[in-house]
Amino acid sequence: MHEFIKFPFHRQQTQIRYSVHPPLRSYVEEPPMCYSAQIRQEYAAYVREFGADISIGEYQDIYWERQETNSKMKLPRAMDMAFLRDTSNEPDVLKIQSMIRRYDAEQATKLQQEIFAQRTRLVDAERKLQTKITKTATESKRIATDKVDRAMARLADMQRHESKPRDSRIFPGWYAPVMMWENGRRVVKPMRYQCRPAGKPAFFDSRFPGTYNARRDNLGGFWKDLFGYSHGVAIVSAFFENVSQHTMEHRELATGEQEKNVILEFRPEPAHDMLVACLWSKWTEPGQPSLLSFAAITDDPPAEVAAAGHDRCIIPIKPENINAWLNPDPENLSAQYAILDDRHRPYYEHRIAA
């Protein structure tokens, strides 16, 4: 049983940007794509705007798992910062803050050790190059330099206190806040952005990596065990898509031209937060930590997104439909399809992402 608490209001709001690499052909027939979005990360915003409770126990679970089991789970720095800035002095929040600081200290030690090892390697390579220039020594110098730079950048990120946009970048397998319905109330829980449906084996993640998105035309197929049962919402202010430059420019590849990727940022005009429809699942297996994970529902894109070179788009539902979406009737799926069809349809301005 997890405890639910309401946090005091926070003036600062943090947004999440989560990005997805193009997957292989997935089990749910999702085409190769890059999908990302900016999600409202500051958990107090859900309380303030939607009267949602925060499942603090679920947050404690993922922070404990990350720290104690040497898990490779990825949590955005923006999520850490949201907790570290919390001044409520709630006991459960203080526990999370302690776990974050301990994890940061352990990671800082590992990075310092990596920096020392790579600087030693760099000195050795430079000494060899002074005697004789070889491919091996040149490559060793390059690799050592790159690893030192990366480790130094990561260490600096961990030690600063001001927020940066990259703190909010999330890739498949990373966690983000999702609002769902539980025991007659709206509740926000951290969920992994790549859905592993209940009953599937753990290797499902690597074998079928495309389950971060759920196609609307497959909700009655692969997703039938979740559609009509486990609905969620993520608050999104923008989304990012990976497109081919020549497709964006409406031309064929020139002779000898290599395909080049471009990341486009799409924002609704006028700017506002969108309530993106999601499906979620709770996966359990004896002897394994439980897993909450979700997928964003996608559909054919509006004309301006298609013209920019992408063939899928998130589905923002209307605020007046949020309770009906979060609390679906599995015996009336037509009502859920109607909510998706009666979506908010903004015009999406786009630009090349920074």
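Predicted model: local features only at pLDDT ≥ 70, side-chain atom pairs only at ≥ 80, totals over all residues.
## A first tour of the structure

Glu252 is exposed, with a relative accessible area of 68%. Glu252 sits in the loop that runs between helix H7 (245-248) and strand E10 (261-269). Setting aside neighbours within four places in sequence, Glu252 is in contact with His246 and Glu257.

The loop between H7 and E10 also holds His250. Its backbone has a feature to look for: phi of His250 is positive, about 60°, although His250 is not a glycine. With a relative accessible area of 59%, His250 is exposed.

### The whole protein

Now step back for a wider view. The secondary structure of the protein comes to 10 helices and 15 strands. Of its 354 residues, 52% count as buried. What share of contacts between residues at least 6 apart in sequence join residues at least 24 apart? The figure is 71%.

Helices H2 (residues 56-68) and H4 (residues 91-131) and helix H3 (residues 77-84) can be followed as a group. The table gives how each pair is arranged.

| Helix pair | Axis distance | Crossing angle |
|---|---|---|
| H2 and H4 | within 10 Å | roughly 20° |
| H3 and H4 | 9 Å | about 130° |
| H2 and H3 | within 13 Å | roughly 120° |

Take H2 and H3 to begin with. Their axes cross at roughly 120°, and that makes H2 oblique to H3. The crossing of H2 and H3 is left-handed. On the H2 side the contact is made by Ile56, Tyr59, Ile62, Tyr63 and Arg66, and on the H3 side by Met79, Asp80 and Phe83. Sorted by class, the contact of H2 with H3 has 6 nonpolar residues, no polar ones and 2 charged ones.

Next come H3 and H4, which pack at an angle of about 130°. H3 and H4 are therefore oblique to each other, and their crossing is left-handed. H3 brings Arg77, Asp80, Phe83 and Leu84 to this contact, while H4 brings Val93, Ile96, Gln97, Ile100, Arg101 and Asp104. By class, the contact of H3 with H4 counts 5 nonpolar, 1 polar and 4 charged residues.

How do H2 and H4 lie relative to each other? Their axes cross at roughly 20°, and angles under 35 degrees count as roughly parallel; H2 and H4 are therefore roughly parallel to each other. H2 passes H4 in a left-handed crossing. From H2, the residues that meet H4 are Ile56, Tyr59, Gln60, Tyr63, Trp64, Arg66, Gln67 and Glu68, and their partners in H4 are Asp92, Val93, Lys95, Ile96, Met99, Ile100, Arg102 and Tyr103. By class, this contact of H2 with H4 has 9 nonpolar, 2 polar and 5 charged residues.

Is H3 mostly buried or exposed? Of the 8 residues of H3, 7 are buried, so H3 is largely enclosed by the rest of the structure. The buried residues in H3 are Arg77, Ala78, Met79, Asp80, Met81, Ala82 and Phe83.

Not counting residues up to four places away in sequence, Tyr63 touches Leu75, Met79, Asp80, Phe83, Ile96, Met99 and Ile100.

In the loop between strand E6 (175-182) and strand E7 (185-193) lies Asn183. Phi of Asn183 is near 55°, a positive value in a residue other than glycine. Asn183 counts as exposed, at 67% relative accessibility.

The other loop, between E10 and E11, contains Pro270. A cis peptide bond joins Glu269 and Pro270, with omega about 0°.

Technical notes: Residues numbered from 1 in each chain as written. Heavy atoms only, no water. Axes fitted to C-alpha atoms, helices over the stretch in contact; angles between N-to-C directions. Helix = DSSP H or I, 4+ residues; strand = E, 2+ residues; numbered from the N terminus. Parallel < 35°, antiparallel > 145°, perpendicular 65-115°, else oblique. Left-handed = near helix turned anticlockwise from the far one by under 90°. Contact = heavy atoms within 4.5 Å. Nonpolar A, V, L, I, M, F, W, Y, C, P; charged D, E, K, R; others polar. Buried < 20%, exposed > 50% of the residue type's maximum accessible area, 1.4 Å probe, protein only.
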